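Hi,

Here is the structure I promised to pass on.

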Amino acid sequence: MDFRWGRSRGEEGIAVVINFLLANARLVLGVGGAAVLGIATLAVKRLIERAGRAAEDEKVEQKMSESWEELGLVSASPKSIRKGLESVVMKHVAKATKPQKADLCQPQQQKSSLNEKPVNAAEPQRPKSLQLSLTLQDRLQQYYSTRAALAPEVVHRAESLALDICIEVQGFLHSTNPDMPLGEMSLGGSLLDDLQVVRADHACLLVPLQLEPSLWRLIPGEETLLTHPLHWMVRRVNLEYFPRGRSYWDRFLVGGYLSCRALVSMLSKAVMETMNWPSLSSTLDCLVRPVLGGDELKLEIRPERGDTLFISVVPVLREADVVLTAQVALTQPWESAWHLSLYPWETQRLTQLDSADQGVRRALLKTLKAVCRHCPALRPLTAAPLANLILHLSDKDVDWSEGCLSGRFQQCVWELIGYLEQGVLPSYFKPSVNMLNGVTEEEVDEMGFMLYCAVSEPDILLI
């Protein structure tokens with residue numbers, strides 16, 4: 001990241017100290033402390049940079065000295081990091097973002113009259129009184145209706161197109177592999193659950209496999225050699241009574257377990273590489289083609305109007321309320337591991353809670369998803385950690401009525417900052433699973449800085 005420090009000699013030394021501090025923070029404070037210190041250091045560096053462009057060299061050196069004295073107090077003890085970090089960073093952020101609030105509501109004034117452009121009288125101008133009177137609650141409702149929620153006709157069109165693809169794929173598989181025991185294919189995912197935001201651009205085609213209960217057993221991840229709660233395995237049992245070959249799926253056995261990778265490879269050859277996609281495209285009046293390469297089975301559909309739609313073909317195994325998916329990207333390098341999908345549990349729980357108290361949890365989830373999708377710094381936050389964040393917050397005695405949307409939004413920002421400082425956001429249904437797994441330290445820095453700014457100026461997330 002390129003920080004412009006000016007021309008002072010002392011400023012270069014500050015940059016060296018900052019880089020050295022970040023590089024050795026993990027040895028002194030541990031992973032969690034290093035992440036917090038990274039957020040604080042990044043915030044102070046950016047504030048110094050902003051002050052340096054606005055003031056003279058002497059004032060810059062003074063601001064840097066004060067900032068580093070305060071940062072030294074914050075980082076003196078790992079136990080006081082969070083409390084001190086909030087007071088130091090928030091004081092600077094409030095000063096730095098104070099003039100930006102007006103900028104969100106009214107056009108910027110040009111410094112020079114030579115650069116002024118004539119105002120078009122035909123363009124409608126919102127009254128300043130109306131602009132400044134919008135509360136955070138109003139802004140959130142406006143953002144939800146204009147940026148997050150999808151029009152019903154857009155959703156219906158995408159669902160109809162995905163359903164046509166589903167029918168064609170199912171008919172092709174039944175005609176070419178009549179002995180393959182498959183259940184009725186269906187659509188799934190956020191598009192069907194009214195949780196998709198911004199664009200209706202992805203859906204899942206679920207391919208249910210029918211296993212003989214007496215020949216197969218689903219083993220929880222904690223009971224496998226992998227000991228991962230989300231990595232389940234499917235074992236072939238009763239081989240002494242029902243030898244290999246009795247089940248259609250025995251051909252995909254690897255070491256006594258049903259191989260997820262072998263099954264995905266078979267479907268890739270049977271569907272992706274075999275179907276007559278040009279003929280199907282002409283039948284549906286849209287371009288349909290497989291996305292080749294990689295371990296995911298995905299189709300790309302380009303309709304005459306509307307956004308491009310991607311459909312993931314996902315083989316699934318169901319037993320009671322357990323849903324296992326064949327997604328090699330989530331279980332690699334283990335070829336026989338199946339992924340336990342928590343999405344059905346999370347979605348069902350959110351729906352139950354909202355139905356019980358007429359809450360806005362689902363609306364808040366869609367708003368947060370749209371915010372993270374529009375904000376580059378927050379894009380590493382996917383739907384899963386956001387849903388679990390809201391589920392954890394729902395366990396607290398708080399009001400989820402429509403009038404409290406702004407309060408819950410701000411509370412989610414604070415809760416998320418705390419989870420980022422710890423580096424752990426436990427799954428609501430599987431506490432041993434960290435929903436922030438895979439997020440890098442650099443991404444933590446960026447997300448932490450943006451969220452700390454949003455504490456004093458929530459509007460920066462709703463631009």
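**What I found**

The chain has 15 helices and 11 strands; these are DSSP runs numbered from the N terminus, with helices being H or I of at least four residues and strands being E of at least two. Before you go further, this is a predicted model, where local features need pLDDT of at least 70 and side-chain atom pairs count only at pLDDT 80 or more, while totals for chains, interfaces and linings use all residues. Residues are numbered from 1 along each chain as its sequence is written, and side-chain values use heavy atoms, with hydrogens and water left out.

First, the overall picture. Of the 463 residues in the chain, 46% are buried (under 20% relative accessible area, with exposed being over 50% and partly exposed in between, using a 1.4 Å probe and protein chains only). If you take contacts (heavy atoms within 4.5 Å) between residues at least 6 apart in sequence, 63% of them join residues at least 24 apart.

Now the inside. The largest nonpolar core has 102 residues; a core like this is a set of buried Ala, Val, Leu, Ile, Met, Phe, Trp, Tyr and Cys residues joined through side-chain atoms within 4.5 Å. The members that touch the most others are I165, W249, L299, I301, L324 and W338. Another core, of 6 residues, lies apart from the largest one, and V155, L191, A200 and A203 are among its members.

Then there are the charged pairs. I have 12 salt bridges in the structure (a side-chain nitrogen of Lys or Arg within 4 Å of a carboxyl oxygen of Asp or Glu). In one of them, K298 pairs with E296, with the closest N and O atoms 3.8 Å apart. K298 is partly exposed at 24% relative accessible area, and E296 is partly exposed too, at 44%.

R302 and E300 also meet in a salt bridge, at 2.7 Å from N to O. Here R302 is partly exposed, at 40%, whereas E300 is buried, at 10%.

K396 and E415 form a salt bridge as well, their closest N and O atoms being 2.7 Å apart. This pair links distant parts of the chain: K396 sits in the loop between α13 (383-394) and α14 (405-422), and E415 is in helix α14, 19 residues apart. K396 is partly exposed, with 38% relative accessibility. Finally, salt bridges with shared partners join R289, E300 and R302 into one network.

Cheers
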